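I opened the notebook to look up a few things in this structure. Notes follow in the order I took them.

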Amino acid sequence: MPKTPRSNPSKESQKTKKATGSSKKKRSAKDKVPKGSRKGSRTRMKRVREKILILGGACPFGRELVRRLHRDHDICVVDTIAFPDRPRDVELLSLDLRRKSARTKLFSRHFSVCINLAVHHIGGRRRSTLLDPLVVSEFINWIVESQPRQVLVLSHARLYGSSAQSSRYMDESEPLLIRSDHRLLQNCVGSDLMFQSLFWRAPNTQTLLFRTSMVVGKTLDNWSMLYLRQQTPRTMMGYNPLLQMVHIDDCIHVLENAIEKSLLPSSTGESAILNLTGPGVIPLGRLLKMLQRRPRSRPAFRVKSWLKSLSSGDIHELGDDLLRFLRYSTLVDGSALLRKYPELQLKPMTETIEELLT
Amino acid sequence: MFDLRKNISIRSKLESFVERLEPGLYERFDACPKPQVNDVGVDPYGFDPNMLRELIPLALWVYRKYFRCDVSGFEHIPEGRVLLVGNHSGQLPFDGMMVATSMMVDAPQPRLVRGMVERWSAELPYLSSLFVRMGQVVGTPKVCRELLQREEAVMVFPEGVRGVNKLFRNRYQLQGFGRGFMRVAIESQTPVVPFAVIGAEEQAPSIANIEKLAKLFKVPAFPLIFPQILPFPLPVKYRIRFGDVVMPPKCAPDDLPSIQHAVHLVEHRIRTMIENELVSREGWFA
């Protein structure tokens, strides 16, 4: 693994100032002092401050991640959507990477860690350009050339597909079985597979591909949260599938762990695919009951039309595919991740549900 | 409008009915070892012990009153992990339900039994969810291995759908056992207890299998059942016999001749128990 150049925090903060264009008036005198010299920041001094690129970091998931990471690292977010309330030390590049000029601008820089949130970027009323095959392919070529220390990709366990066959615990070796005619899902699977090519194309870069189960959190606006926020959600008549849900804090904690743990000399830095699941399973009916919803069981065709009316943007087209997730359980085995990070404490499910209730 | 008092009175009536039918049933249920559940009350496979507790009176009524089950051979069932392997029949999987109920209500040490079901069962509306909540799991070697590691009792029907959907003219003819269960038993060195169910073959006599309809509805078989019109089984008498334990051979899991030999041994014991019972029984309903 290549050594990461240890950067001077004061120089880095100056660079960030230039890039963000923030005025000196806005910054307090405290901000000018390097972080390490502040009282009570001894633990931060010990950490290596790294330049982290977050692709799709302005989506609700990315915002939470940025807020967690920006104190310890220099963050650069690339996105096409606005991030008005971002921390002042975070650089936002509003780039549409489908344009060559935008790619040239980004790829002229060097980052030690790259995080790709493209799959989680798609939401209720948003379209994502980050899953465009051209963008993914060019991004991967750039990674192969620039050789960052680490690449973290957040994919989705739903890409394993949902069918009567999937109600067993599927591990990371299972093929991505989703059979869909929809461009969005094809792009998600394509992105996941293309990032796997980094395992052999960039052997000096640690590539960790996390496939998360249903991510929930108060601030999120992904499809799962869109469904769970409905007061009278429709369920498939006669089916009550088991769900695995993981709290956004747990996802971010895993990403933080992955960045910090790979800095340790004992870490092997091996690339891997890891399923990220929650603390257990819960039947959909029980979850809705605990969330004080009033679910209505309907035949498949009625649920499908309801799902389509629920959302717009790309996921509006996914009626058939989303229907399968309301019918069959899709359970994945997350034990490999827990073996890699044994100290990981997942949030209890009741706590997550209580949070969603408030 | 939901009336709590009415609900409480129904529950107390149900409990008094169960007390009359089977005194001490709930104590037995509470005493039997249960899998670890998460903070919402289900285990990793969706099994909900509280829901099973609610539904056990229905299973008990079917066991005692409808099929009038006669069970023997509990002394062969060892403590700890065990694979219960039996013959499958009757179009509807009441045989598995009755074996599991017998282990709960009649075994000297009550135990929960985890049945392995076909993957296509997830297609069945209502039943698929019910199976999962009652502790049934998808029949894959990985799942079976994990349950045995937790010292649970796992029930397997190695004939699969070929057994349960066979025609009436093929009744009590074993349809050939798969070898998967023996591989798992060898890997985990789990004792195998063969059992025979007699009576289930006559509960829903199938005279034909309409394959075109089966294809249309995406199910393994579409039996034409006679003489029933409604999908209720005939109230035949069930006889369940547990046989001597078969210890799996100490060999590699890919040693095909040894595995085949052990599977034949289990099959032979089940066939012998079936033949003995068919000779001694007086009729379908007696």
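**Surface of chain A.** I note here that the model is predicted. Next I looked up burial: of the 358 residues in chain A, 56% are buried. I also listed the elements, and chain A has 16 helices and 13 strands. Then I turned to contacts between residues at least 6 apart in sequence. In chain A, 76% of these join residues at least 24 apart.

**Salt bridges in chain A.** How many salt bridges does the structure hold over all chains? I found 25. I picked out Arg49(A) and Asp74(A), whose side chains meet with N to O at 3.0 Å. Arg49(A) sits in the loop between α3 (42-46) and β1 (51-55) of chain A, and Asp74(A) sits in strand β2 (residues 74-79), so this pair ties together parts that are 25 residues apart in sequence. Are the two partners buried or exposed? Arg49(A) is buried, with a relative accessible area of 16%. Asp74(A) is buried too, at 11%. The cut-off for buried is under 20%.

I also wrote down a network of salt bridges in chain A. It links Arg68(A), Asp249(A), Glu256(A), Lys347(A) and Glu355(A). Side chains of opposite charge can pair when their charged atoms come close.

**A salt bridge between chains.** I then looked up Glu123(B), which forms a salt bridge with Arg327(A). The closest N and O atoms are 3.3 Å apart. Glu123(B) lies in the loop between β3 and α5 of chain B, while Arg327(A) lies in the loop between α14 (319-325) and α15 (335-340) of chain A, so the pair joins two chains. Glu123(B) is partly exposed, with a relative accessible area of 26%. Arg327(A) also counts as partly exposed, at 26%.

**A salt bridge within chain B.** Arg281(B) and Glu202(B) came next, with their side chains meeting at 2.7 Å, N to O. This pair links distant parts of the chain, 79 residues apart. Arg281(B) is in the segment after α10 (256-280), and Glu202(B) is in the loop between β6 (192-198) and β7 (206-209). I checked burial for both. Arg281(B) counts as buried at 15% relative accessibility. Glu202(B) counts as buried at 1%.

**The sheet in chain B.** What is the strand order of the open sheet in chain B? I read β1-β9-β6-β2-β5-β3-β4, seven strands with mixed pairing. β1 (70-72) and β4 (137-138) of chain B stand at the edges with a single partner strand each, so one side of each has no neighbour in the sheet. I followed β1(B) to its partner, β9 (residues 239-242) of chain B. The two pair in the parallel sense over three bridges. Ser72(B) has Arg241(B) in β9(B) as its bridge partner.

**Helix α4 of chain B.** I looked up α4 (residues 94-105) of chain B, which has 12 residues. From first C-alpha to last, α4(B) reaches 16 Å, close to the 16 Å expected at 1.5 Å a residue. Why do I call α4(B) largely enclosed by the rest of the structure? Because nine of its 12 residues are buried. Among them are Asp95(B), Met98(B), Val99(B) and Met104(B).

**A nonpolar patch on chain B.** Ile207(B), Ile210(B), Leu224(B) and Phe226(B) make a nonpolar surface patch of about 370 Å². I placed Leu224(B) in strand β8 (residues 223-225) of chain B. At 42% relative accessibility, Leu224(B) counts as partly exposed.

**Positive phi.** Most residues other than glycine have a negative phi. I noted two non-glycine residues with a positive value. Gln147(A) has a phi of about 50 degrees. Gln147(A) lies in the loop between α7 (133-146) and β5 (150-156) of chain A and is partly exposed, at 30% relative accessibility. Tyr126(B) has a phi near 65 degrees. I found Tyr126(B) in the loop between β3 (113-117) and α5 (127-133) of chain B. Tyr126(B) counts as exposed, at 54% relative accessibility.

Definitions and conventions
Residues numbered from 1 in each chain as written. Chains lettered and ligands numbered in written order. Predicted model: local features only at pLDDT ≥ 70, side-chain atom pairs only at ≥ 80, totals over all residues. Heavy atoms only, no water. Pairing = 2+ DSSP bridges. Helix = DSSP H or I, 4+ residues; strand = E, 2+ residues; numbered from the N terminus. Expected span 1.5 Å × (residues − 1). Buried < 20%, exposed > 50% of the residue type's maximum accessible area, 1.4 Å probe, protein only. Contact = heavy atoms within 4.5 Å. Patch = residues over 30% accessible without salt bridge, like charges linked within 9 Å, V, L, I, M, F, W, Y side chains within 5 Å. Areas by Shrake-Rupley, 256 points an atom, 1.4 Å probe, with all protein chains shown as cover. Salt bridge = Lys/Arg side-chain N within 4 Å of Asp/Glu carboxyl O.
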